[in-house]
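Good morning, and thank you for coming. Please look at the sequence and the structure as they come up on the screen.

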There are 2 protein chains.
Amino acid sequence: MSMEELIEVALGKAPADLQLHGEFLNLYVEELQEAYIAVKGGRIAYVGSKPLKAGETLEVEGVILPAYIDGHLHIESSLLTPSRFAEAVIPRGTGCVVIDPHEIANVLGVEGVKFMVEDAGRTPLKVYVMAPSCVPATDLETSGAELGVEELQELRRLPEVIGLGEMMNYPGVLNLDGAVISKLRAFSDAVIDGHAPGLRGAELSAYLSTGIGSDHECISLEEAYEKLSKGMWIMIREGSASKNLKALAPLARRGYRHLMLVSDDIHADDILSQGHMDRCLRRAVEEGIDPIEAVRMATLNPAEYFGLRHLGSISPGRSADLVVVNNLREFEASLVILNGEIAAREGRYLAGIRGSLPEAAERRTMNMPPAKPEQVEIRYEGDEARVRVIGIIEDQIYTESLIHTLSVEGGVVKPDVENDVLKVCVFERHRGSGRIGRGFVKGFGLKSGAIASTVAHDSHNLIAVGVEDGDICKAANRLRELNGGLIVVESGEVKAELPLPVAGLMSTLSAGEVAERVEHLHREAERLGCRLRSPFMKLSFLALPVIPKLRITDYGLIDVENFQIVSLFA
Amino acid sequence: MSMEELIEVALGKAPADLQLHGEFLNLYVEELQEAYIAVKGGRIAYVGSKPLKAGETLEVEGVILPAYIDGHLHIESSLLTPSRFAEAVIPRGTGCVVIDPHEIANVLGVEGVKFMVEDAGRTPLKVYVMAPSCVPATDLETSGAELGVEELQELRRLPEVIGLGEMMNYPGVLNLDGAVISKLRAFSDAVIDGHAPGLRGAELSAYLSTGIGSDHECISLEEAYEKLSKGMWIMIREGSASKNLKALAPLARRGYRHLMLVSDDIHADDILSQGHMDRCLRRAVEEGIDPIEAVRMATLNPAEYFGLRHLGSISPGRSADLVVVNNLREFEASLVILNGEIAAREGRYLAGIRGSLPEAAERRTMNMPPAKPEQVEIRYEGDEARVRVIGIIEDQIYTESLIHTLSVEGGVVKPDVENDVLKVCVFERHRGSGRIGRGFVKGFGLKSGAIASTVAHDSHNLIAVGVEDGDICKAANRLRELNGGLIVVESGEVKAELPLPVAGLMSTLSAGEVAERVEHLHREAERLGCRLRSPFMKLSFLALPVIPKLRITDYGLIDVENFQIVSLFA
């Protein structure tokens, strides 16, 4: 794009590439206006009442909006590569996502972050990166990579990296952890996202005094109000896992300005069935938020928070990223234009995926020896063993710490299928240590077989839950072959699987294919007795040693409240 | 300031330097709140309902506001050095100014810009710089320096330089002037201020397509509305010279967000008698703007527009720049805290001016030979001469192009004092060329003597108006000795003078002394017959060849509409 060309187009001295004529939402004066919008070289050259010369002029029905910006997102949660994610969300009107790629960073470090940018670059989706601040999340687990200050500074040199990602380690901030402070300091002149569920009062002030600027973890209005009033931008989250719009909508209804809509995590099937930011917008309007305000929360507000001056509104000089919707209630997108080119029409993605998968996608990340049943056995001297058991709860991310007495046969502690106490194992998969964390979990309901996943927050080791050690090992070994994935095994046979060859986190398939495979996995898990709505998501959070109470990593059981490894035997 | 200290203070583990207790304006939730505000090392560590440990706790009466930010200002117009300006405005509540130092840049170039920053740094006033984009303003005048792309890039490396200053050369933008475009391109990732009086429609789109983000030249509501709706931040100007608040206040009353209050130019006497941003705020509230909105327009809004994340609100992590006012109508400041330290109390400046004037202040900028009467004579063969005369109009910056017939005595064209047609001369003072532009002007009303100034936009050559050539030369030669200034001369005697030794633009005296001297100059000019309210300001604009119709530079008379030098003789 040359500046000269834009000027010449606006002055009518050269033809625009494309011109839209219709009603658009002017966010500055908060009204719908009829206008011609002329585009040249990917930018908006002109917005006004007179038509200009143009290669093509489209008469638009509906309302033209700026393409949406998701201000906080982990693409990896969709199980899709960025290019496949783009293919799925662009037809819904998304033009830009600000990602914190901490999942892949835990596996592949800087190289993983670069992969996300590079792969997204194969599509017109704009991707900006908040450099992951907490990789690994703790030292009670083994990750594939670490991002220290040096790595973060390396990342910062990438043009797409615009700030520091969600500072989840708020205890580290409050306790003046040297590494944490030095990361914050390294980004003190940039945007820094927060993540501080429940933090209030003096501790909140302390956390914010470091320059942290946003929070997406508010679940109550009171918490969000306090954070907003202390200067945080509140990202109202409405994703696949967490839905906070209902609780937080009053903030927007009261007219407060520092608000955004974000998805945080969104699954492939939800994108296909409900959408991405368009879904957030529909929900926002359902909750009584003024539609113009809602659109601003998904366009201009994130652009302003992140300092993306060229995005977020329909005005001369900005990127020509537009979406045409039927109305400001349903937000059904009929046309999406990104960088001045038609990217999707009537829900169909048209912009293609250029080139081939970046090399990092080929990296083998299953650096673990084959699993053998005798390695996952839990041996105990005596007839029965009193063990700690992770108790999972539907609809909660917290777990309970239970005590069960299990029988011991031939020196081996046995699961108690009748009482739903099953074996859970975490296989360290990054560094070839052969380390396996072993324990028991209650809540999956399997009567036979095993399920396993290489998506296991935040270090993404291989985690498996099952009745039989043989099936657990079969599942682990099959995922090892696949370079990662999700799997259901029964009696030594694979019943369903979704390969996730990219870092063990992402499929190379389309959203439709991924959704179908996941659905199949769910059905097979259900057939084995599992009654959880999202067994693999539950599984993926079992290894996250920052959410109370009991978790398991490759080091074994973790007492989260005391932040230490505890013995299986109580 | 260390991050660790802020955290410890907020957590109550270490004492704050200072703590305020009282009612403050929370701009995020738009209400007055009672709170303790604890400060450490210049930053706000804590805002909350509980008192913290602190070295000192102040119980505050009135309302605590963020210190004000003036988003567009030429300090030079005050005739004060930045440190003296700070001394005058800080007691009024100003904490930060975003300056475009194009006056001094026309004289001293990069060195002049650096002087502004350095001198302001002797006080707690925060100064950010928009690198001057149009130095010199035209090639029809001789300036002391030029800022090309290279100089601008050098400036950009200074931490205080945050963007490109007002792009006044909008014809250059629209005509694809190569130098203009390359300057815009050099700042394409930064804030760029606009200046485009009257620009509308397609031309406005063209101008904005380059990324220009603000305008402070709107005089009508319609113009401002159009610019706002095209994405510009509207800086509502209420300074000494231009007052646009009355016309533009409806924008704020309608709730539009991208608005600021700025002063652009403000004189020392106005600061002392009426204030700076406090005056803008009073005026805004008088015009029916909601007081909270008004404060936001002078604090958080400019901070957000310029990306100054650490300024503009009272919240943890931000700079402890606070002003206590009696109420949100009069905005009378009783206490000003900058960088966490008391800077002014009850209108008295307390923070001092550290160190001595930077060396650049000593630079001789009067590089001109002594003026001699025979050099300013206008010779003509004949008994009378038909000449072009600049016609000035009270309250207008525009001039008329008049024709008068003047008598010629001894081959020399004589002024017509009876009809108020006086001699005007521009002495090139930067490069020693000895060039003198000569002409006639109507409107000053002098019956004898001469007045002269080295403040003469934008190149700031020496300009003099007078009845007698001898007095004109006396005035010029005295200013040459003084290294610049303002002066009134009669019958070869200096009647009043204000030395402006810093670049011929700024005094080293205090605002009070400058105001007194200017008042004396005005009285003396009046005694000589001048009826203009601000004769020296009028004088300073006579040499600005970008405002119609007729101007004068060291090259002679300029026909602004045709942008060319024209003969004195019509």
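First, some conventions. This is a predicted model, in which local features need pLDDT of at least 70, side-chain atom pairs count only at pLDDT 80 or more, and totals for chains, interfaces and linings use all residues. Residues are numbered from 1 along each chain as its sequence is written, chains are lettered from A and ligands numbered from 1 in the order in which they are written, and side-chain values use heavy atoms, with hydrogens and water left out.

Let us begin with the interface. How many residues of chain A are in contact with chain B? There are 56, and they touch 55 residues of chain B, where contact means heavy atoms within 4.5 Å. The size of an interface is often given as the accessible area lost when the parts come together. Here the area buried between chain A and chain B is about 4,700 Å², and carbon and sulfur atoms give 57% of that figure. Buried area is the accessible area, taken with a 1.4 Å probe, that two parts lose on being put together, summed over both. On the side of chain A, the residues that lose the most area to chain B are Met3(A), Tyr28(A) and Arg257(A), which together make up 16% of what that side buries.

We turn to charged pairs. Side chains of opposite charge can pair when their charged atoms come close. The rule for a salt bridge asks for a side-chain nitrogen of Lys or Arg within 4 Å of a carboxyl oxygen of Asp or Glu. Over all chains, the structure holds 66 salt bridges. One of them joins Glu4(A) to Arg185(B), with the closest N and O atoms 2.7 Å apart. This pair crosses between chains, from helix α1 of chain A to helix α6 (residues 178-186) of chain B. Helices here are DSSP runs of H or I with at least four residues, strands are runs of E with at least two, and both are numbered from the N terminus.

Across the interface of chain A and chain B, the rule finds four salt bridges. Arg257(B) and Glu293(A) also form a salt bridge, their closest N and O atoms being 2.9 Å apart. Helix α1 (residues 3-10) of chain A gives six residues, the largest share of the side of chain A that touches chain B. By class, that side has 29 nonpolar, 13 polar and 14 charged residues. In this scheme Ala, Val, Leu, Ile, Met, Phe, Trp, Tyr, Cys and Pro count as nonpolar, Asp, Glu, Lys and Arg as charged, and the others, Gly among them, as polar.

How are the copies related?

Next, the sheets. Two strands pair if DSSP finds at least two bridges between them. In chain A, an open sheet of nine strands has the order β19-β18-β17-β21-β20-β23-β22-β24-β25, with mixed pairing. Strands β19 (412-413) and β25 (493-499) of chain A stand at the edges with a single partner strand each, so one side of each is left without a neighbour in the sheet. Strand β24 (residues 485-490) of chain A pairs with β25(A) in the antiparallel sense over six bridges, and Val488(A) stands opposite Ala496(A).

In chain B, four bridges join the antiparallel strands β14 (residues 333-338) and β15 (residues 341-345). Ile337(B) stands opposite Ile342(B) there. Their hairpin has two residues between the strands, and Asn339(B) takes a positive phi near 50 degrees.

Finally, where is Pro136(A) found? Pro136(A) is in the loop between β7 (126-131) and α4 (149-156) of chain A, and the peptide bond to Pro136(A) from Val135(A) is cis, with omega near 0 degrees. In chain B, a cis peptide bond likewise joins Val135(B) and Pro136(B), with omega about 0 degrees.
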